[in-house]
Amino acid sequence: MKFIDEVKITLASGRGGPGCVSFRREALLPRGGPDGGNGGKGGDVIIHTSRHINSLVDIRQNKRYAAQNGQMGMGRQKSGQDGEDLILIVPQGTVFRNLEGEILVDMTGVSEYTLLKGGRGGMGNEFFKNSINQAPDYAQPGEEGQEIEVKLELKLIADVGIIGFPNAGKSTLISRISAARPKIADYPFTTLTPNLGVVKAGDYTSFVVADIPGLVKGAHAGVGLGIQFLKHIERTRLFIHLIDASGLSGRDPLDDFNDLNYELKMYDENNQEKEGFFPLATRPQFVVLNKIDTLGENQLIKLKNKFKEVTGSEPYAISAVTGKNIKEFIQELARQILKEEE
């Protein structure tokens, strides 16, 4: 399925039905009096979230979504039927903004929200009958519904975001530690959409990992694919910063680490004024050296020491292909997530 993460649509609640002007007409009742019923209420626009969808592609098929209008009241004091509500189903983590960028609702941790209320139905002429005016010949029109143009943004919700340059092994790692099966190949930008995987770390412990498509230098300014997906990792508690330790890419592992952190920092600077923004550069990071099966013991020790000098702690060393040190790494990751939750 195609991954769509931004959509602009118009939403409209239903208009209330007008009240009815009617007078009772029956044999032997020449002065039956007013009996116009009330109009029905217009339908609401209600947002529901679902765990079973992870894209806005279905919503993009229409530009306008409207709830049903309420029906007109009828004689014999019969009220018009209420309009049917519009139920819009979106993935968890969808943010609704107006065109000025203000957040209307953030569907993170929210299962249902009424965004627009339908208009009230108008009162029929029976409602206005009193001792002074016993034959009112007027009724209320229905109240207008609400209409708004909104922008939907999908932000993936995960405990852990895997970040790294293209071909660092992110897809291989998520396929190793979860049931996710992303496309894997030896060329840049194999992953064109984020992948989610559930990682089991024991009988009663699990967490969600997001594999974020490859970032490159200049991603914060729109180079490569990074700018499209950096926003998705705003919702993650911590990052796995995956480094290609093999050197086969022709890049220096430490340069990759510094360059990617610079991209996070610049992305924060460009978006810090945006309402609801969560900074990326200050998130806890697990620095992980991947592809250690291609290194000798001395090479790995030297590389670990270089990273320790820069970060202040020794990086984890794994091989996503062979599975070396993967189990221990998962257990430590689960412990850190538990800490963040507390």
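**Close-up views of a predicted model**

**Figure 1. Confidence and overall make-up of the protein.** Confidence in the protein is lowest in helix 2 (residues 226–229), at a mean of 54, and highest in strand 3, at 97. These values are pLDDT, the predictor's confidence in each residue, from 0 to 100. This is a predicted model, in which local features need pLDDT of at least 70 and side-chain atom pairs count only at pLDDT 80 or more, while totals for chains, interfaces and linings use all residues. Residues are numbered from 1 along each chain as its sequence is written, and side-chain values use heavy atoms, with hydrogens and water left out. The average pLDDT of the protein is 83, and 84% of the residues score at least 70. Over residues 182–192 pLDDT stays under 50, and for this stretch the model has 30 contacts beyond four places in sequence. A contact means heavy atoms within 4.5 Å. The protein has five helices and 14 strands; helices (H or I, at least four residues) and strands (E, at least two) are DSSP runs, numbered from the N terminus. Of the 342 residues, 48% are buried. Buried means under 20% relative accessible area, exposed over 50%, and partly exposed in between (1.4 Å probe, protein chains only). Among the contacts with a separation of 6 or more, 73% join residues 24 or more positions apart.

Figure 2. Helix 4 covers residues 297–311, and at 1.5 Å a residue its 15 residues should span 21 Å; the end C-alpha atoms are 21 Å apart, which agrees. The expected span is 1.5 Å times one less than the number of residues. L300, L303 and F307 are the buried residues of this helix. Seen down the axis of helix 4, they fall within an arc of 70°, so they line one face of the helix. The arc is that of the directions from the helix axis to the C-beta atoms. Their cover includes strand 12 (238–244), helix 3 (253–271), strand 13 (285–290) and strand 14 (316–317). On the face turned away from the buried side are the exposed residues E297, N298, K302 and E309. Just after helix 4, G312 has a positive phi of about 90°.

**Figure 3. K274 in its loop.** K274 lies in the loop between helix 3 and strand 13. Its relative accessibility is 36%, so K274 counts as partly exposed. Leaving aside neighbours within four places in sequence, K274 is in contact with R97 and E153. The C-alpha atoms of K274 and E102 are separated by 8.6 Å, and the two residues are 172 residues apart along the chain.

Figure 4. Two strands pair if DSSP finds at least two bridges between them. Strand 5 (residues 94–98) and strand 8 (residues 147–154) pair in the antiparallel sense over five bridges. T94 has L154 in strand 8 as its bridge partner.

**Figure 5. Strands 10 and 11.** Strand 10 (residues 195–200) and strand 11 (residues 206–211) pair in the antiparallel sense over six bridges. K200 stands opposite S206 in strand 11.
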